[in-house]
Amino acid sequence: MARLHVMERSDAQVVMDGLHEALGKRMAVSSLAPCPVEFTAAYVEMCKTQSCGKCTPCRVGLGVLHDLLEDVLENRADEETLTLIERTAETIYLSADCAIGYEAGQMALTAIRGFRDDFEHHVQKHACGFTQSQLVPCVSGCPAGVDIPGYISLVEEGRYTDAVRLIRKDNPLPVVCGLVCEHPCEMHCRRGMVDDPMNIRGLKRFACEHMETDYRPGVAEPTGKRVAVVGGGPAGLSAAYYLTLMGHKATIFESRHHLGGMLRYGIPAYRLPREELDGEIGWLLGCGIEASVDSPVDAEGLERLMADYDSVYFAIGAHTDRKLGLEGEDSEGVISAVQMLRSIGDGVNPDFTGQRVSVIGGGNVAMDVARSALRCGAEKVTIIYRRRIADMTAQDAEIAGAQAEGCEVLELHAPLSIQTDDAGHVTGVITQPQIIGGPQRGRPAPRAAEADQYVVPCERVLVAIGQAIDSKPFEDMGIPCKRGAIVVDEDSAVPGFTGLFAGGDCQTGPATVIRAINAGKVAAANIDHHLGFDHKITLDVDLPPVQFKGKTLCARCEMTEREAAERVRDFDNVENGLTSEEAHQEASRCLRCDHFGFGAFRGGRIEQW
Amino acid sequence: MVKLTIDDREVEVPEHTTILEAAASAGIVIPTLCYLKDLNEIGACRVCVVEVEGIDQLVASCNNYVLDGMVVRTNSPKVRAARKTNVEFILSQHDSECTSCVRSGNCSLQTLANDLGISSLPYEKHLSHDAWDQSFPLIRNNDKCIKCLRCIQVCEKVQSTGVWDITNRASHACVNVKSGLDISATDCALCGQCITHCPTGALRERDDTDRVFDALADPDKICVVQIAPAVRAAWGEPFGLTHEQATVKRLVSALRPMGFDYIFDTDFSADLTIMEEASEFLERVGAASKDDSIRFPMFTSCCPGWVRFIKSHHPELLDQVSTSKSPQQMFGAILKSYYAELLGVDPHRIFSVSIMPCLAKKSECALPNMNDACGDPDVDVVLTVREVDRMIRAEHVDVASLEESEFDMPLGVGTGAGVIFGATGGVMEAALRSAYHFITGDEPDPDAFSDVRGLDGWKEATFDLAGTTLHVAVASGLGNAERLIQALESGEVSYDFVEIMACPGGCAGGGGQPIHDGQELAGERGDVLWGLDKVSDLRLSYQNPSIVACYDEYLEKPLSAKAERLLHTDQHAWLMPDEEGK
């Protein structure tokens, strides 16, 4: 008998670890699907398996809680059952000895309270009231509802122009999205249950880069109706495109010198090369959209447009910067991220040669300005963030990209003030080191650590703590706003202003490109309806028949990036597209949820909208 | 073309053919359960799985396509085991009390389980015991539902109604009334298509046979039965009779010994419907020049499923629906008035039964205002063809050996125009034949209006009626009706007169007809009806001598006050659940 022994993984433990990993993947891709009550019951049952059995609330409580949840599912429950369920979960939370029990109790409590309506629906109707959003998971996850399995099958067949055509049925900016979409679709991809989710954005980019020929969409008979679109960003462009296809005359009024909105004035060229952006905008204009740049629209101007046009779509985005509210913020050398990216967007790159730059913020825009600063010659770039890197809202790939290019991330430092010299020039950022704590509004909140203030010496400070909407003048003319964002009805119409519709960042607050695109699409449909028409945007591509291939394992092809040391010297695209070999392998991995699974029953695609 | 091997046989089929169809073309049968061609090719039951060389998992043959060089095995040990286990899974949630099931002997699950040699079940049984309103004409028993989802598909895709849905998820997934509503609170048209497309006994009509047996046994009751036109094209199917054998006269012989006192033909009241409806149409045309509240097209009203549909979905069009009652209800009203007088009996003693290929008629006869003759319901009980076939079986009558016998008089006389009421286009054609006569006074060629025949879901025709151009349309299947209405409302089309029947192909394909899983028999049965019309001596409703007598002796003339009271109805007099507020 050994007094001590080295821990070894038994064969069973290897299997156990594999199952845990598979379960994690499964859960990661299926959040759109389940019935809330089914899910809660399964969750409790899973927690039950982890109980060691020592303590009453966990050993017995989780069991009876699961039985009660089954009663709801088997239509044996009434209102009293729901009260009992809540009391049971609460007792487990309050009195369990270890996290296995009290965490299970609390999660159950969260579910029961959060899903209260769903529980009651089950009890009263003996049916689940949760909306069935799980038709095709990737499509359900895409705000614009792009026919993803459809275009992937076209890429697999080598029909790239058709793939782009199909995408443009729901999203007129496939080139842009192929480069910068945040791809919420991939988060839901069912292939993730097998090995890795599909590289959907990569396939979209590949299709756009390999179109066999250009084409023009069919345009409906002119209706004689004129629609003014205020703002030439993704929402405005999308609305104008679909309105044009529907036969209406759409005119964009853009306040800046170029169209594109945040695509140009927010996203740096190394992520969205200008020739790609210009090409896509040019293609859209070629469909018959009229655009007037350098044409800011103020409140009076908006009233004029509403009088002159049959309908107006208001999509001015969120382009004003937020202030830190710190001493020294107005010093020379402090620039807002919005200001800097706008200047770069108009082709004027600031010169930071030899300078040390501090970036304040932890979102994607902070990464964008940090990486742009390097490209503008900065000697050193420090990203100052008051939480941990793990708490940053920027995408992981953006943070990693910034770090790879040489940006320092100073986490857990809250800026206190901007240090200046006698002439008022920035000399540094004074920070207070932080310690991370419990959650506040969903994210761990930092507080001042018992440590001395710290100075980050620098000649420039870039403030990237978010953007706001310049809605004040419009609010003053009576347009309803809530915390600066335009308020609209379900159909994007602005209440109280007949014929005025609004959407995009100015309505949602700063959001993603694909959400803005969808806002434009939704507005186009509702404006068409408002104008008294029922034009349909239809599927005009034949799709290849589906083949069942059986389960084969094949990991995901990722897009590679140019070497950091090379790319940091220019504004050219950082990311390399998939090769043809990679794209075809990747496309063949698609499980075709439009044809198999629930898609087979409810129809895998929306043929027109 | 694609070449592949199925069970060692070379098969060549066009591209985009499913494995199931490719096998069928070579005479290889792959069993199915949820599959319904074009309507439900969803690979849900996994009974049709086959083995495809090179793929470890089994492939559903109903929704996977053939590929060049594919090697398929439809009955390998792997397939056989999976197929059997899947059926055992289904049986573990199925109430297999076949001895007390209306579909016993005509159940796809029963046949399949027997074929696969399942004699015991390895799994515990779990039945849901869902409650159901047993007074509703349509009965759902979820203990027999196998979740093939066909009822959802047919209701939604073919009938544009969408009563059914999957109402729970995961292992609790079940098919039930959408949103957990009570069935009587829905817009269910009672077309019964979900029943005729159900592979098991999960859906059926409310069984009213005991009420009829009780009445037959009651010496105080005078039991009278009417037989709808389309019944004669289908009633003999479950007995294995050919159409030549299964005549309506043989059905009369089967019913007579049950104790019915009088056996009549709904063809009579179909002719009566034509007299009223054609006159109503011509009256509306005439009045329209003075009264611009009269809108066209006028819609037929003989199909209660359609009436339920339009009341639920398009109540704004209800005034355009003819006020004429359905032939069933006209018959009932005449029976308990005119015929009671002829017999010299108290109409309250008459027990009025009708045999219909239809479920909606069960609800129609129970409407609160269908009691115009004597205050009692004009029709007491409606039996579907399936119910009357069950009654015949309960009598242990050898139908094949029965001699034919005649209907009773005078309400047993119908014309060919009445017979074709049972097929899509038939009401329109019958109406036009008589309308022509009403306008011109001449006798039309009975085949002059045959352009509206055929199984297309939406047909159009233009006729010249003594100088007046008449645009007519005929739709069957409520999905087609909905499309027609959409086109009317958007101004794409415009008609004067429109016939709608709720069931695809008309009553020949009615929801109360015998069930043959996977087969659509409306066309074949419709052909029987058109054939009967063709050989009829009388093919024009106004020439029916019993109709002539009925007007002479009782009703005076079409649209007379008496006719209005007995033969017409106020379509607004009752409400569908969601009709108000629309």
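## Contacts and fold of chain B

Two residues are in contact if their C-beta atoms, placed from the backbone, lie within 7 Å. On that basis, in this predicted model, 74% of the contacts in chain B with a separation of 6 or more are between residues 24 or more positions apart.

The secondary structure of chain B comprises 18 helices and 17 strands. Its radius of gyration is 25 Å, close to the 25 Å given by the globule rule for 582 residues, so chain B is as compact as a globular protein of that length. Taken along the principal axes, the box filled by the C-alpha atoms of chain B is roughly 80 × 55 × 50 Å, and of the 582 residues in chain B, 52% are buried.

## A helix pair in chain A

In chain A, helix α13, which spans residues 200–209, packs with helix α25, which spans residues 580–588, at an angle of about 130°, and the axes of the two helices are 10 Å apart. Angles under 35 degrees count as roughly parallel, over 145 as roughly antiparallel and 65 to 115 as roughly perpendicular, with the rest as oblique; α13(A) and α25(A) are therefore oblique to each other. The crossing of α13(A) and α25(A) is left-handed.

On the α13(A) side, the residues that meet α25(A) are A:Gly202, A:Leu203 and A:Phe206, while α25(A) contributes A:Ala583, A:Glu586 and A:Ala587. Sorted by class, this contact of α13(A) with α25(A) has four nonpolar residues, one polar residue and one charged residue.

Notes:
Residues are numbered from 1 along each chain as its sequence is written. Chains are lettered from A and ligands numbered from 1 in the order in which they are written. This is a predicted model: local features need pLDDT of at least 70, side-chain atom pairs count only at pLDDT 80 or more; totals for chains, interfaces and linings use all residues. Axes are lines fitted to C-alpha atoms, for helices over the stretch in contact, and angles run from 0 to 180 degrees between N-to-C directions. Helices (H or I, at least four residues) and strands (E, at least two) are DSSP runs, numbered from the N terminus. A crossing is left-handed if the near helix is turned anticlockwise from the far one by less than a right angle, and right-handed if clockwise. Ala, Val, Leu, Ile, Met, Phe, Trp, Tyr, Cys and Pro count as nonpolar, Asp, Glu, Lys and Arg as charged, and the others, Gly among them, as polar. The radius of gyration is taken over C-alpha atoms; the globule rule is 2.2 Å times the number of residues to the power 0.38. A residue is buried if 20 or more other C-beta atoms lie within 10 Å of its own, exposed if 12 or fewer, and partly exposed in between; C-beta atoms are placed from the backbone.
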